[in-house]
Each structure stands twice: as structure tokens, then as C-alpha cells.
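Let's talk through how this model is put together, one question at a time.

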Amino acid sequence: MMENKNRTKGVVSGIIANLVMVEVSGPVSQNEICYIELSGESLMAEVIKVIGKVAYVQVFESTRGLKVGNTVEFMGHMLEATLGPGILSRNYDGLQHDLDKMDGVFLKRGEYTQAIDPNAKWDFKPLAKVGDAVSAGSWLGSVKENWIDHKIMVPFKFEGSYKVKWLAEAGNYMASETMAVLEDENGKELPVTMIQHFPVKLAIKAYTEKPRPYRLMETGIRIIDTLNPIVEGGTGFIPGPFGSGKTVLQHALSRQAEADLIIVAACGERANEVVEIFYEFPHLDDPRTGRKLIERTTIIANTSNMPVAAREASVYTAMTIGEYYRSMGLKVLLLADSTSRWAQALREMSNRMEELPGPDAFPMDLPAIISNFYARAGYVRLNNGSTGSITFIGTVSPAGGNLKEPVTESTKKAARCFYALSQQRADSKRYPAVDPIDSYSKYLEYSEFQEYLSEHISVDWIDKVELARNLLLRGKEANEQINILGDDGVPIDYHLRYWRSEVIDFVILQQDAFDKVDSSTPLERQQYMLNLVLNICDTSLDFDSFEEVNPYFKRIINLLKQMNYSDFKSEQFNNFENELMATLNERKAA
Amino acid sequence: METIAFKKIYTKITKITKATCSLQATGVGYDEMAEVNGRLAQVVKINGDNVTLQIFSGTEGIPTNAEVTFLGRPPMLKVSDDLAGRFFNAYGQPIDGGPAVEGEEREIGGPSVNPVRRIQPSLLIPTGIAGIDLNNTLVTGQKIPFFADPDQPFNQVMAMVALRAKADKIILGGMGLTNDDYLYYKNVFDNAGALDRIISFVNTTENPPVERLLVPDMALTAAEYFAFDKKETVLVLLTDMTLYADALSIVSNRMDQIPSKDSMPGSLYSDLAKIYEKAVQFPDGGSITIIAVTTLSGGDITHAIPDNTGYITEGQLFLRRDTDIGKVIIDPFRSLSRLKQLVIGKQTRADHPQVMNAAVRLYADAANAKTKLENGFDLTAYDERTMKFAREYSQNLLAIDVNIDTTGMLDKAWGLFAKHFSKAEVGIKQEFVDMYWPENA
């Protein structure tokens, strides 16, 4: 490590797992980063509490072998993300170290790799001119990163206004070269490269306003797009017991969502799930660009066996990278799996610091931490008038599948879309197991969004969605009645009601995430299918006894499912639809 | 960690609790091993000169003037091919009367694999049990527990799976294993002529509970040696992880930590994940697969131990006694193998995923019909058929004593479909129906 006379030094005075007490010989600040020397390795740590001359630091590594008296050097800044071209397609750990650049199969303690290659060359095109007045986040130029126009911006740390004194000409430059010189109000000149740093725990606020989001973000998942849509810049969360398909749903979102780029924060989850992304995304095509999915994806992998403290940092690192790309006017989708693991990391630390515990031993300020984090997502209008967004969807792993636990309850207050995964639906293999009755999207109540839908889909779309929702609810009620009174104890109409809701369930709600065709449904097709299904539900049918209802609807559902498996409007699709119409006519009431 | 030329002996203990003791000492490393009157201990807290040690076998009879020496190293295991066929205690010392194992000393509980260096698990582990191979296919590099009540035959099923899985090495980590079960495993492996492939680290109910905390790390350090250094396929059996977690809660309680759900330590998830995440497919062919047992109390999977386990492992297997056929089956509803998607329909026949789902769905219909019957309602003809199907499905496929290959299982399932249902009722993709529906059933 570079010697620096101005940096505060300290020595280790106590150790409890990854909480280390350091006696300091100068000023330290909360959340400051320090490095602890341990026989040639330096372990990264963050200040989380200071009492008198003792700084309590959480170490992002195992502290095995650490001794009282080991020296510590404080860096004078908080945990920062490194921002610049070359972040896309990277696999980082929670502290933004490039996992691919590390040696060996096993992670080595204290091996820290650079997030961005300073020597990588990029084709630069200036966007600003000499003499332009600029401020933090202003676009100075752009480089092509994969297929994205990556903006080189005035660093977010720059406060106040500046004038462009010099700007590099179009050409090929290294990321670490000076691309512009800015002059501040006092005439001081500041060089700007393609790389900048920003503390992960602070929000990047280089925008003029944060209007209410209103544009649908297509995900290809029918139960989301049709019934509980999420918007560009929206927030949502997916709570569910284990085995209910949280990760499959998140992976489907990361593959299909209509975003410019995807940031996946694998936070305290299984390593094999991340490996799935490593393996599949380089081969899967992004239907919108024709490029490979990996080209628009950045993965922050802090799997469950990696150090706990870095788990907390990982979600912030991911959010900061998202904010950086949002400032370029891009649509970012940020997925975090799972925010419960993050909350647990907070709990472990709070416990070691012997803080008084809140509910379930979580720290008292957990709801505030969660809502602050969700508030960093959103749709923004940038200083130059263009817009960008971060759509954030987190999963929650409620203990025992019980939604009345602190993480779920805190998240429910912060997120606008709620995709409740139900054990019962998962058990009966009705995937995605999103509960159609409990789940909601608050965005359906936004007048801006309602206008958007009537303009882009159809005027009566929201009414249709509401109708489908009502039919589902009535079907559920009818089913309960049938179960209480028996098949022959209720009018045939109850059976019809139940089976109509089953048609919606099987054809619209359920979707085969592993089938090539069915896994992603474009909006046009979703509209077509919903219309078709509502049409079937609206058709009055004649039955002589309840026993005829079940086999008849099974045929209807089977044909509709075969349509779902066929390419849209292909010959096969049309044949199944014709057969469906013929089947419907068999029973159509005169 | 550097080795120390001479060992300083401390004799002044300032504090003794049920599991820990504290003393004034300097130059001590965190996690370092120590001996307190010959008993093994580990450093768990350092505050200035004040060092707290956790004594694995308990502090009974430890005097304030006990001799304490620090060993200058974390817990280690000597690894070499000589481990094969041997039985050890939680400290890695032989308990089979054989000589100590010579080999390279390795720290246990070492670093994790860089996720980008992992290979996606892709090799199917055949077990011949349809409840596993057909519905919940296992893959090398997977970690999966049996969730079972203490009275269920999980040890038998696990031994059966281990022997059929054709692993190069089987490593048994026994935590709080009763002596009888320990002998059962020994006999089964011996009778199968597999003893030379087995390595056991055993803490029985007769040993102090806190010692158990070392067992998984010992077993997995040995596993990493064979899987990574020797590129072998290694199967690790961990039984019973509930007793391991109980030991964790004892220690955290003695350390005055604030308990979270069900009196478990707040770090339970991370503690368990550290163990289970050692399951891996290495790039050069070796793999570690972990099959564990988590015993439940009264089938309650919302308890903190099975709950946290379920979030870590790649699925879970439930055993259930099917009273209709009087046999133990692998419960198709609650069991799940998350990695099955990587192999089914790829290494097995293409119709596997759809057949599996259709059968389970029809089995669920049968369960509904049964509820209806129990509530005194009339059954429809369809209900009757599903119940007949369910009985045969249970008998011929789900029961753990069935031993056939996957293609055989699929054919059997198609046979049952055709016998009891129409094509529309089964609802499988047309191309598979055209190919496999037995017309003259």
C-alpha cells in the first residue's frame, strides 16, 4: 500500500469475529474505509462506530489469525464505487472487485482487483464544447460500451458550476487519460478522466426532478405485465418462502425485461444461481438488440459463503452503478436477490456491537434503511432534459414464509408493486407462483399510467384487467363454496364460475419459464390472449350436469395452453384456435 | 500463520463459564487453537490482553490455575490418500485404532470458491428412486437435505443413495449420531464392499455437543482435498444438521449474544451457508455434492433451522409414509430439486419435464379428491380415476424401494396416464403425446 503521511493510523485492540476495535491516532470518520495489515495481506474494513479513541470497524474478510497490535491505515474516504466505461458484462464481488481478474479457483483473502481497466482504450466523441457551462453529471462526451452510448460525465463529486476549458478531440483514448479540463468559479482548473469515484452509501442526485413514473416496463411475464404491471422507474418486491420460485422469476426478469441494462445483485444467495447467469447470458440473445444478454448485464456476486459485511455493501454498490448509468439517460433494471440476506448482515453486525435489538433482533432502524434504499430508484429528468430510470425489484425471503416479519413489512411500506409468492400455488406447480389475489401494483392507480395504457394498449385495458381480477376472485369464492357444500350442493353456475377462473389461471397467470415460446410473451400477444380468454369467460354455455363442466373446461384449457406453446399466429397456433372455437360452439347457449 | 519456537504457558484464568474461559495473554491470533489442561479450545474473542477461549469439551473441572498453551494455528486436518477407509473424531484424530494419518496440514473452514471459477453443475446422479430421479433429479455439485421427522428412515435412504450414486469418495460427517446409527452406516458400507471409499468424521451423542461444530469443516476439508486436488467426485453426507445448529445456539448463548428466531443465533444463515456452499462442481472434473439431514420437530419447516436451510440448499427431500400403500415415499409436493432443470429433458428423455409435472398435478387432483371423500362428498368419475392413478403412481414410482432407470420411469408414467386419463386431461405438449402415448393401454 502507498505510504501517505496524512492518513490516520491505528492499531488493533480487540477482535470479535469480523468486528474489530482499532485504537486510532488521529481523526476518523463514520463509514471511512481502512486496511488492516496482517502478515503481508491487507484486509479492507469500514468504520461503523467510534467511541473516544476506539474505532469499531467491520472487516470485509475473515479475521482468522488477526492479532492485537496489527497496524491499520485509514484511507480518508468512504466505500466508493469506481465508475467508468467497462462496467458492463463484468462480474464483481460486493465491493466491486473484478472476480474474473482474481487468480486461482479459491478466493484469497486481501486480493483486491481493479473494477475498471485504466488502460482499456475507448472511442471518444465529444458532446460538449469548450466554454460550455457544466455541473455534476453533465455529459462531456461519449464512448461506445458494447452497444450503449456511455456518457463521460462531470464527476458527481464536483459541486457548483464549471466551465469547459479544454475538451479532448474525437479519438481513441485510455480510460485514465484526461478527457477534459474544467474551470471552477474561482478559476481553478480540474482535470476529468473517464473514471470517477462515488461513495456507495450516498445517492447520486445529478438530476432536476423525479416525476412520477408512468411508462410500462415490459417483462414478458403475463402475471406481471397484464395483472400487476411495473413501470420504468418503479419499485417492486417479491416475497416468498423457499421453493416458491423467487429466483426463477428474477432470472426471467433479468432475461426478458425491456431495459437498456440489467444489474443483478446476488446478495447472500446460492453461488450456483449466479453461475447459471454466468453460463447462460453469454449465449442468450437479447431480442431487442440481437446482441448477447451478457452485454447489457453486470453482476454483483456476493454469495452466501462470501464475507457477511461485504453483503451489506453489495446492494449499495449495485445501486450506485445503476445511478451512474441512469445519469446517462438509460433505463436500468436493478434486481437484488435477496434483500433479506442484506438485512441479516445488518442484524449480525448490530448484534456484535451489542445494540439494543428491534423486532426479531433486527436493528431498530431497519425500516428506515430499507425505505431509503428503495427511494434511490426512480424515474428522473436529467439536467439536460432527457430522462433515465432505475426500476428496482428486490426479493425477500421471509422467515418461515410468514409475511408478518420485519423485512417484509418494512419493504411493503417502501415498494409499490407486491408480487407475493404463494406456497400453495408452488405446491400445485402453478408457476410463476405469484398470488393473483394478494399481489398488487399501485401504479395501476396512477392516472399518468392509466393514460399511458389506454394510449398504448387499448382504452378499455384497465377495465379488462379489473374484470379478469374479479373473475379470479369470484372463482375462488365459488371454489370455496363447492368445497363446503359439495359438487352437487351448489348450482351449476358455481362450477362455471370456478372453471372460468381456472381458464384465466392456467392460460394467463401460469407460464412455463423453461419453454422457448411460452417463457416470454410480448405485450401484443398478452393482449390477444386476455381478450380471447375474457371472451370465453363471457360466453354463456349450456350444461346438463356439473359432471360435464370439468372435462369440457379441461379441453378448453388444454387447447389454450397448446396455443401458448405455439409461435404467435403460426399455422399451429391458428389451428388450435380454430379447434378452440369449434369446442366453444359445442356448448354455446342459443 | 507463523510457527512459534517455544510455547508460553499461561496459568491464570480470570473467568470461567460453562463453555468458555478467559485469561490475560498477548500475541494471540483470532480463531487460534489452544489447549487448556489438555482440552482443545479456540479463541473466540480478544479484547486488549483479555482473551476468551471456547473449550470444545466443556469447562467441567477446569481450575483457575489450568495450564493454557496457544498452538499458533487454527484447527487443521492432515490430508492425503491415507484418509480413505478411516474413522475420525471431530478433531480429525483416528478412532478406529489405526495410526495417525500423515499428510499436508490444511486449515479447516478455508476460503470459498470464486463464483466465476465454478462450473455449472451438469451431471445427473442416478439413484434408481423415482421420487428422486423422476421428480427431484440430483446433480453433482448440488446440496440438498432430507427434511425428516426423527422416526423416519432417513439414514437408510441416505445410505442407499450414497451407495448407488457411484461417487469416488463418500465422506460421512456425523453430528450427534447415535452409536447405533454410526454402526449401521459402518455395516452398510462394509457389506457393500465400499469401506475403502468411505471417510468418516463422527461425533456421537456420547461426545460433548460443542465438538460437533468442527465436524462439517473437517469433512469438507477432506472433501476439497479429494475433489479439487484429486479431481474425484465426492459425496458428503451430513447428519444431523439440526444438532449442529443446536450446538451453535449453545455457544452463542454462552457468549451472551442476543438470540433471533427460535433461540438461534442471528448468524445462523451465514453459518449454515458456509458449510453448504462448499458443494461445488470444479472446472477440472472434481465435484462435492452434499446430502444432509435436517430433522424436524413435528414436521414444522417454519422453524429457524429448516427454514434457513431451505433458503440455502438447492431443494429439499421429504419422506412420507403413504398410508394407502403402506410404504415410505418421497413426497412429490414438498420435495424439490432446484438443479433438476439442468439435466432433465437434456440428459434424460425430452418428455421428462412435462411428464413429471403432469403426474404431480394429477396426484394433486387425487389429494383434493381424497379430501372431498373425507368430508363426505360424492366423487365424480374423474375423482375416482385420479385416486386410482395416485395409488398406482405411489406404489410403482414414488415408493423408495423401487429401483429402475429414468426411461423406465417415464414409460411407466405414460402407461399410467393412458390407463386412467384422456389426452386432454393429461395436458402434455402435443408432440410428446404423439410420440409416447401408448395407444393400446
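Q: What is the handedness of the crossing of helix 8 of chain B and helix 9 of chain B?
A: This is a predicted model, where local features need pLDDT of at least 70, side-chain atom pairs count only at pLDDT 80 or more, and totals for chains, interfaces and linings use all residues. Residues are numbered from 1 along each chain as its sequence is written, while chains are lettered from A and ligands numbered from 1 in the order in which they are written. A crossing counts as left-handed if the near helix is turned anticlockwise from the far one by less than a right angle, and as right-handed if clockwise. For helix 8 and helix 9 of chain B, the crossing comes out left-handed.

Q: At roughly what angle do the axes of helix 8 of chain B and helix 9 of chain B cross?
A: Helices (H or I, at least four residues) and strands (E, at least two) are DSSP runs, numbered from the N terminus. Axes are lines fitted to C-alpha atoms, for helices over the stretch in contact, with angles from 0 to 180 degrees between N-to-C directions. Helix 8 (residues 352–374) and helix 9 (residues 381–398) of chain B have axes that come within 8 Å and cross at roughly 120°.

Q: Why is helix 8 of chain B called oblique to helix 9 of chain B?
A: Under 35 degrees is roughly parallel, over 145 roughly antiparallel, 65 to 115 roughly perpendicular, and the rest oblique. The two axes cross at roughly 120°. That makes helix 8 of chain B, relative to helix 9 of chain B, oblique.

Q: Which helix of chain A supplies the largest share of the side of chain A that touches chain B?
A: The contact takes 64 residues from chain A and 61 from chain B. Strand 1 (9–16), helix 3 (271–280), helix 5 (339–352) and helix 13 (549–565) of chain A each supply at least two residues of that side of chain A. The largest share, eight residues, belongs to helix 13 of chain A.

Q: Which residue of strand 5 of chain B stands opposite A:Ile15?
A: Two strands pair if DSSP finds at least two bridges between them. Strand 1 of chain A and strand 5 (residues 39–47) of chain B run antiparallel, joined by two bridges. Opposite A:Ile15 stands B:Ile46.

Q: What is the bridge partner of A:Lys121 in strand 14 of chain A?
A: Strand 9 (residues 121–126) of chain A runs antiparallel to strand 14 of chain A, with four bridges joining them. The partner of A:Lys121 is A:Met174.

Key
Two residues are in contact if their C-beta atoms, placed from the backbone, lie within 7 Å.
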